[in-house]
Amino acid sequence: MKVSLILLAAGDSKRFGTNKLLHPLNHKPLFSNIISTINNLSIFYEKIIVTQYDEIINSHYVNNYKIIRNNYSYKGISHSIQLGIDATNCDTDAFCFIVCDQPFISEYTVKNFIKGFANSKK
């Protein structure tokens with residue numbers, strides 16, 4: 001099964017006060033923690049990140065990702081989801097969306113999420 005990963009990293013962080021995706025955690029930007037987790041897995045057909053931030057676009061962390069710029073983050077997460085879907089290859093079987101502000105998602109969780117979906121036959 002071909003699963004396209006779409007990482008969502010375009011939020012405005014209004015409640016946080018500054019860009020939480022760039023806030024340091026484990027001596028690196030918050031957004032990069034989930035990328036480090038994903039990079040240890042070989043289960044995705046393609047990897048896409050949707051963001052509005054130059055700091056993420058120009059980061060070495062996203063070297064192996066198709067980068068999609070969201071210039072309209074005020075439209076909400078559904079706009080980022082649509083941009084990500086529109087950027088995927090036509091022959092993908094499924095989409096996996098992960099937000100970049102949940103840095104403690106584990107490899108185990110991601111693998112079992114995909115495995116559960118595949119086993120469901122839905």
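How many aromatic pairs does a search of the whole structure find?

Modeller: This is a predicted model, in which local features need pLDDT of at least 70 and side-chain atom pairs count only at pLDDT 80 or more, while totals for chains, interfaces and linings use all residues. Residues are numbered from 1 along each chain as its sequence is written, and side-chain values use heavy atoms, with hydrogens and water left out.

The search of the whole structure finds three aromatic pairs, where rings of Phe, Tyr and Trp (its six-membered ring) pair if their centres lie within 6.5 Å, and planes under 30 degrees apart count as stacked, over 60 as edge-to-face and the rest as tilted. One of them joins Phe31 and Tyr61, whose ring centres are 5.8 Å apart with the planes at 90°, so this pair is edge-to-face. Because Phe31 lies in helix H1 (residues 30-39) and Tyr61 in the loop between helix H2 (54-57) and strand S5 (66-69), the pair ties together parts that are 30 residues apart in sequence; helices (H or I, at least four residues) and strands (E, at least two) are DSSP runs, numbered from the N terminus. Phe31, at 1% relative accessibility, counts as buried, whereas Tyr61, at 22%, counts as partly exposed; buried means under 20% relative accessible area, exposed over 50%, and partly exposed in between (1.4 Å probe, protein chains only).

Another pair is that of Tyr72 and Tyr74, with ring centres 6.1 Å apart and planes at 80°, so it too is edge-to-face. Tyr72 is partly exposed at 41%, and Tyr74 is exposed at 62%. The charged end of Lys75 sits over the ring of Tyr72, 5.0 Å from its centre, a contact that requires NZ of Lys or CZ of Arg within 6 Å of the ring centre and within 35 degrees of the ring normal.
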